[in-house]
Amino acid sequence: MTSQRVSVEDLVSHPQLSMTYLAGRSGGHRAVLWAQSCEQERPWEWIGTGDLLLSAGSSFPRSAQQQVDYIDALARAGVSGIVLGEGMSAPLMAEAADFADDLEFPVVQAGYSVPWVFISRTVADLNRHESGRQLRQIVRMYDLLRGTLGGDVSLEDLVERLERETRSRLISVRRQSGQPVLRDIEEAQHEVLAAVLATIGPSGRMPAYVRLSLAGMKATVLPLSEGSSIILVVVPLTDDITPNFFVLEHAATILAVHVQRQASEAMRARESGQRIAAHLLQGSSDGDVLATAFKAAGLETPPWRLTVWHHPAPVDVVDLQWRLSLRQIPHLVGESGAMTLLITADAHLDDGIFGLADGPGFHAGVSEAFSSHRDAGDALRESQWGLEAAESAGTGVVVYRRAHSPLLPRTVAEGHQLVQQTLGSLLDYDRTHGTSLIGTLMTFFDHNCASKQAAEELNIHRQTLAYRLKRLESISGKSLDDLSDQTELFLAVKALRLLGHPDL
């Protein structure tokens, strides 16, 4: 449909507006969508394509070069022209006037007695027919939103139909990492996206939108979330298309509803995952509590697998959740202490742990598949066992039972047996007397049997540490001076940690 928008020339010709050209008369054909007053220092960051800037002159620069740069920035932003109030601004310098003529960018002066609101109302009245067309377009877009919220329209269909309405590719991503949200992006879009992210930076407040010209491609960037952590990158389908910012704002609003919706779901999943992680790491395995959490996360159908890794690791948990959301994979993820825990359906877990295994320095342990909520505690211990094997061997991911260490037990049952045989008497003594000989032994091994450092961490004198070590030797029947006994105690302590013993 051909646009019937009012032009700059129409306004200059209007007898009641008292407007005259200062420069750029040959650009009088430029369409005006809206007339907007803006006194920001960089108004091109606040007004859009087809807007006519109304300025009382407070932000209009005084020097010739500054005026040239100011006009150039407005023209690059697609602004239709600028109207300066008579006697209110610095005079237009000759160099700037010549530059505006070359650009065919209208610089217009309005009579002192003409209020800005009168110009805005005139533009609105003359554009009423086109506004009606836009209104119908926007109504269609919000009908799509209602359809997605009601389940009649898929999110993929929503984005595709919004792209048809805006005649642009709509790419929503996390600004810090470039992780796509709402849907995956095409391979061809990675280059322009990388350029956009490098230009706007990973954080910080953004204006209403940013226009960029990168490698011969135009792009417009709008914030989709509070703090601009998630952004919408708009790339016209063809070079001759200039997206209507008014329509883009509504498209961004619609997509922001889904961003917020999914972000809220992800936050609830993290909070539930935090509780489950703490629950399991504390040695509790209440089946009813776990069943409720699994059901809420969409993990109703067994079998499942549990994966753990230590942080800091090259893993952004929020990015991981968006990645799983794009693939519609139900999950629970939570952090507790230095441990991150992820529960997914067995069928969904791949060898690369959803791309995490490709990260440098990433190590993870994966449990065997389990089908009862009450087995989640054992699954956690299995995954911890796998993590220990992965970190010891320097490999990325180890699945329980695939680790073949000649020293450590290969099953939870074998681990319990080793602990009971080697440390059972010490554990009994600590429980009976309220001591912590096991904790002392662990700290001693953590410092490679260096008494000075171990005593400092325990905040005791070295003589006190020596007394405790002699006491535990007497109770356990093992000598720390004997390499064989020392190795057996070390492996038993390692197994005790992996088992998440409740006395620790």
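**Exercise 1.** Identify the residue of S11 that stands opposite Pro223, and describe the sheet to which S11 belongs.

*Solution.* Step 1. In this predicted model, the residue of S11 opposite Pro223 is Ile231.

Step 1. Strand S10 covers residues 217–223 and strand S11 covers residues 230–236; four bridges join them, and the two run antiparallel.

Step 2. The pair belongs to an open sheet of four strands, ordered S8-S11-S10-S9, in which the pairing is antiparallel. Its edges are formed by S8 and by strand S9 (210–214), each of which pairs on one side only. From one strand to the next, the twist averages 25°.

**Exercise 2.** Determine the order and pairing of the five-stranded open sheet, and state which strands stand at its edges.

*Solution.* Step 1. The five strands follow the order S2-S7-S6-S5-S4, and their pairing is mixed.

Step 1. The edge positions belong to strand S2 (19–23) and strand S4 (34–37); each has a single partner strand, so one side of each lacks a neighbour in the sheet.

Step 2. Neighbouring strands of this sheet are turned against each other by 30° on average, with direction ignored.

Step 3. Strand S6 (residues 81–85) pairs with strand S7 (residues 107–110) in the parallel sense over four bridges. Val83 has Val108 as its bridge partner in S7.

**Exercise 3.** Examine the backbone at Ser228, Asn448 and the peptide bond between Pro302 and Pro303. Are Ser228 and Asn448 buried or exposed?

*Solution.* Step 1. As a reference, most residues other than glycine have a negative phi, and most peptide bonds are trans.

Step 1. Ser228 is not a glycine, yet its phi is positive, near 60°. Ser228 is placed in the loop between S10 and S11. Its relative accessibility is 7%, so Ser228 counts as buried, the cut-off being under 20%.

Step 2. Asn448 likewise has a positive phi, of about 55°, although it is not a glycine. The loop that holds Asn448 lies between helix H13 (437–446) and helix H14 (451–458). Asn448 is exposed because its relative accessible area is 68%, where the cut-off is over 50%.

Step 3. The peptide bond that joins Pro302 and Pro303 is cis, with omega about 0°. Pro303 is found in the loop between H9 and strand S12 (304–310).

**Exercise 4.** Locate Gln189 and account for its burial class.

*Solution.* Step 1. The loop between strand S8 (168–174) and helix H7 (190–200) contains Gln189.

Step 1. Gln189 is classed as buried because its relative accessibility is 10%.

Step 2. Leaving aside residues up to four places away in sequence, Gln189 touches Arg169 and Ile171.

**Exercise 5.** Characterise the largest pocket: how many residues line it, and which of them lie nearest its centre? Which helix gives the most to the lining?

*Solution.* Step 1. The largest pocket holds about 770 Å³ of space.

Step 1. The lining comprises 29 residues, and those nearest the centre are Gln262, Glu265, Ser325, Gln328 and Ile329.

Step 2. Helices H6 (155–166), H8 (245–281), H9 (287–296) and H10 (317–326) each supply at least two lining residues. H8 gives the most, with nine residues.

Step 3. Sorted by class, the lining has 12 nonpolar, 10 polar and seven charged residues.

Key. Residues numbered from 1 in each chain as written. Predicted model: local features only at pLDDT ≥ 70, side-chain atom pairs only at ≥ 80, totals over all residues. Heavy atoms only, no water. 1 Å grid on protein atoms, 1.4 Å probe; cavity = no way out; pocket = protein on both sides within 12 Å on 5 of 7 lines; lining within 4 Å. Points joined across faces, edges and corners; volume = space filled by probe spheres on them. Nonpolar A, V, L, I, M, F, W, Y, C, P; charged D, E, K, R; others polar. Buried < 20%, exposed > 50% of the residue type's maximum accessible area, 1.4 Å probe, protein only. Contact = heavy atoms within 4.5 Å. Pairing = 2+ DSSP bridges. Axes fitted to C-alpha atoms, helices over the stretch in contact; angles between N-to-C directions.
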